[in-house]
Amino acid sequence: MISEKSYTKVLSFIDDISISEESFEKQVLLAFQRWFGIDQSYFWHCKDNNLINAATLNSPENLLEDYCMNYSGLDILRPNNVMHKINEKRVLGIFDIKTKEEYERSEFYNDFMKKYGLYNNAGIFLLNDNKIIGLVDLASSKNEKFISNDDFISMEIISRFLSQKLYKHLIPNENNQSSTLLNNYMNILSTREFDVLELVQLGHSNKEIAEQLYVSVNTIKKHIQSLFKKLGVNNRTSLTYKVNTPKY
């Protein structure tokens, strides 16, 4: 049962999103800061459980690149790690997945979160047709106030609103932006590498890409290794991050 105070907070949050002139993602992060006191946050788009196009609020320098290049595979709240929980609730904290002891022993906490002074972490998963299309990632230090039980309930309601908003208004824009960013690499990639890169961005496996391009899986693996070398990355997550990050 949601309290009157929490109900008012949810309505105020939605009103902030509706009237703000900021970009949609930035509106969302600023609204979480204003109404829930979360100063550090990230809004990811998600394609086939791959996180791309992150908007940030108060992110430490180099954190996002460090995460994508080195630690994304260890993330306890990555979409692939929480699919079994999403049907129960769309707002998950670290301790919905791991015990406190398991988390504090984890490589993700000790090598990544501690490095940036972080401890608390929660994800608000945005869904369409039971597929994750976005993630609002909230973080804070151990000593900072984080999310109360009432706030978790409020965010469950907010997640439904944000899911519809993202699907209706942002998916077409995301596809157009993705195509524009991919075009930045046309001069250094072969035609076939470009085809493979486009399919990687859509989250297809090596087998699926091979079937669509009528070549062997080994050929696709060679193309992907070539992409890694040309773009200076070492895994699919960092590849996706690099080609979806505008150059300024």
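**A helix and a sheet**

Reader: What covers the buried residues of α4?
Author: The cover includes β1 (40-47), β2 (50-57), β3 (91-93), α5 (94-97), β4 (120-128) and β5 (131-140). This is a predicted model: local features need pLDDT of at least 70, side-chain atom pairs count only at pLDDT 80 or more, and totals for chains, interfaces and linings use all residues. Residues are numbered from 1 along each chain as its sequence is written, and side-chain values use heavy atoms, without hydrogens and water.

Reader: What makes a run a helix or a strand?
Author: Both are DSSP runs, numbered from the N terminus: helices are H or I, at least four residues, and strands are E, at least two.

Reader: Which residues of α4 are buried?
Author: In α4 (residues 79-86), they are P79, V82 and I86. Buried means under 20% relative accessible area; exposed is over 50%, and partly exposed lies in between (1.4 Å probe, protein chains only).

Reader: Why are they said to be on the same side of α4?
Author: Their arc around the axis is only 75°, which puts them on the same side. The arc is taken from the directions from the helix axis to the C-beta atoms.

Reader: What makes β2 and β3 edge strands?
Author: The open sheet of 5 strands runs β2-β1-β5-β4-β3, with antiparallel pairing. β2 and β3 each pair on one side only.

Reader: Why is β1 said to pair with β5?
Author: Pairing needs at least two bridges found by DSSP; β1 and β5 have 6, so they pair. They run antiparallel. Y42 stands opposite D137 in β5.

Reader: How many residues of β1 are buried?
Author: 8 of its 8 residues, so each is under the 20% cut-off.

Key: Contact = heavy atoms within 4.5 Å.
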